[in-house]
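Trainee: I'd like to take a close look at a single part of this model with you. Here it is.

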Amino acid sequence: MSDSLYLDEARDPLIIAEAWMKEGKDVAIATVVETWGSAPRPVGSHLVIDADGNFHGSVSGGCVEGAVVTEAVDVIGSGEARMLEFGVADETAWQVGLSCGGRIKVYVERLG
Amino acid sequence: MDPYALKTLNAERRARRAAILVTDLGDGRDRIVREGDQVAGDLGAAIAKAFRSGNSGSVEAEGRTFFLNAHLPRPRLVVIGAVHISQALAPMARISGYPLEIIDPRTAFATSDRFPDVALHAEWPEDVLNRQPLDAYTALAAVTHDPKIDDFALKAALDANCFYVGALGSRKTHAKRVERLLALGASADRIARIHAPIGLDIGAASPAEIAVAILAQTILAFRSRGLDAKGAAA
């Protein structure tokens with residue numbers, strides 16, 4: 001945890017999303033909205049993604065970011081928000097599951 | 001997410017003010033609620049709870065599902081006085097998640113030898129606080145016993161509506177302090193917010209025990225923001 005009292009502007013996903021928006025980029029924001037069991041990132045954590053698949057932040061500490069980025073690029077294209085769920089109960093667990101055994105729900109939406 | 005909501009949220013976070021992004025997970029519409037904004041019904045109750053706890057989560061209200069993402073500034077603790085109590089308080093506060101800064105113009109007290117790994121200002125509170133103002137997410141504990149050092153900081157903490165203000169000293173010492181603060185232009189209502197004698201009453205005797213009492217009182221003040229004495233939402 002950072003001891004900074006102010007925002008870490010260079011790494012803060014929501015600050016980066018705003019900067020990307022000002023540069024005219026299309027942006028998606030992914031948010032952890034629910035967790036069960038031992039999830040690596042708390043509810044409210046963000047991953048922000050641009051249309052080229054560049055991203056900042058994290059929703060799982062590296063376990064499912066790849067899948068979220070792929071979905072996010074689709075969301076940028078369609079404008080339709082999606083709710084994603086990941087976990088060991090998922091049939092794709094061995095590809096993109098959480099090795100820690102937790103489950104998470106991630107809301108992915110387009111900015112604007 | 002609405003671009004305007006994102007801009008507003010980031011502006012609030014930069015200014016160290018609490019805000020909650022409320023997203024309707026059904027239609028994706030969102031809005032920013034600031035601390036103190038009135039929101040009615042079950043949603044309002046959930047928002048008030050999220051401001052106090054800082055926890056984000058989903059809530060069912062009005063037949064819809066909302067996600068509340070609570071963004072609270074990091075609470076911090078400013079201690080006036082590089083004394084024995086502060087030496088114990090510094091590591092305890094850090095472990096508890098309340099970063100601490102110490103201000104004391106007496107260079108014999110404010111040494112990095114006595115306070116390793118602590119943000120230490122061997123300056124007058126006036127100078128430090130003009131540069132880095134106090135705010136509602138800052139706690140202030142004045143522990144020098146010296147009016148020349150403590151009083152300005154206490155008045156500044158009351159003006160900034162710090163979530164916790166505590167001052168070391170007996171009831172007799174505090175009675176004199178109240179008179180001085182009144183003379184400085186602080187209102188009686190505001191002065192009544194000062195915790196003096198400082199710290200939760202746990203019978204603390206040693207400097208380290210007093211540090212525990214101060215930290216516990218700070219945490220209680222932070223976690224009960226916006227509640228009256230009975231624990232009901234104000």
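This is a predicted model: local features need pLDDT of at least 70, side-chain atom pairs count only at pLDDT 80 or more; totals for chains, interfaces and linings use all residues.

How far apart do the C-alpha centres of domain 1 of chain B and domain 2 of chain B lie? Could you start there and take me through chain B?

Mentor: The C-alpha centres of domain 1 and domain 2 of chain B lie 32 Å apart. Domain 1 covers residues 3–71 and domain 2 covers 76–223. Taken along the principal axes, the C-alpha atoms of chain B fill a box of roughly 60 × 35 × 35 Å. Of the 234 residues in chain B, 38% are buried. If you count the contacts in chain B with a separation of 6 or more, 56% of them link residues 24 or more positions apart.

Let's begin with domain 1, which runs over residues 3–71. Pick out B:T65, which sits in strand β4 of chain B, residues 64–71. Is B:T65 buried, exposed or partly exposed? B:T65 counts as partly exposed because it has 14 other C-beta atoms within 10 Å, while a buried residue needs 20 or more and an exposed one has 12 or fewer. Setting aside neighbours within four places in sequence, B:T65 is in contact with B:L25, B:G26, B:S58 and B:E60. For a sense of scale across the chain, go from B:T65 to B:F222: that's 157 residues in sequence and 28 Å in space, C-alpha to C-alpha.

Another piece to look at is helix α1 of chain B, residues 3–14, whose axis comes within 10 Å of the axis of α1(A), with a crossing of roughly 130 degrees. That angle makes α1(A) oblique to α1(B), and the crossing is left-handed. On the chain A side, the residues that meet α1(B) are A:L14, A:I15, A:A17, A:E18 and A:M21. Their counterparts in α1(B) are B:P3, B:L6, B:K7, B:L9 and B:N10. Sorted by class, this helix contact has seven nonpolar, one polar and two charged residues.

Now zoom out to the interface as a whole. There, 19 residues of chain A are in contact with 19 residues of chain B. The elements giving two or more residues to the chain A side are α1 (13–22), β1 (27–36) and β5 (103–110) of chain A. The largest share, five residues, comes from α1(A). By class, the chain A side has 12 nonpolar, three polar and four charged residues.

A quick word on the partner itself. Chain A has three helices and five strands, and from the N terminus on its elements run α-β-β-β-α-β-α-β. Buried residues make up 43% of its 112 residues. Among contacts in chain A with a separation of 6 or more, 51% are between residues 24 or more positions apart.

Back to chain B, and over to domain 2, residues 76–223. Here's a helix pair within one chain: the axes of α5 (residues 147–159) and α6 (residues 171–183) of chain B come within 11 Å and cross at roughly 60 degrees. Those two helices are therefore oblique to each other, and α5(B) passes α6(B) in a right-handed crossing. From α5(B), the residues involved are B:P147, B:D151, B:L154 and B:K155, and they meet B:R177, B:R180 and B:L181 in α6(B). By class, that contact has three nonpolar, no polar and four charged residues.

Last, some backbone details. Most residues other than glycine have a negative phi, and most peptide bonds are trans. B:N161, in the loop between α5 and β9 (164–167) of chain B, has a positive phi of about 60 degrees although it isn't a glycine. B:N161 is partly exposed, with 14 other C-beta atoms within 10 Å. B:D117 also isn't a glycine and has a positive phi of about 60 degrees. You'll find B:D117 in the loop between β6 (100–103) and β7 (119–121) of chain B. With 9 other C-beta atoms within 10 Å, B:D117 is exposed. Finally, a cis peptide bond joins B:A196 and B:P197, with omega about -5 degrees. B:P197 has its place in the loop between α7 (188–191) and α8 (207–223) of chain B.

Methods
Residues are numbered from 1 along each chain as its sequence is written. Chains are lettered from A and ligands numbered from 1 in the order in which they are written. Domain bounds come from an automatic or database domain assignment. Two residues are in contact if their C-beta atoms, placed from the backbone, lie within 7 Å. Helices (H or I, at least four residues) and strands (E, at least two) are DSSP runs, numbered from the N terminus. Ala, Val, Leu, Ile, Met, Phe, Trp, Tyr, Cys and Pro count as nonpolar, Asp, Glu, Lys and Arg as charged, and the others, Gly among them, as polar. Axes are lines fitted to C-alpha atoms, for helices over the stretch in contact, and angles run from 0 to 180 degrees between N-to-C directions. Angles under 35 degrees count as roughly parallel, over 145 as roughly antiparallel, 65 to 115 as roughly perpendicular and the rest as oblique. A crossing is left-handed if the near helix is turned anticlockwise from the far one by less than a right angle, and right-handed if clockwise.
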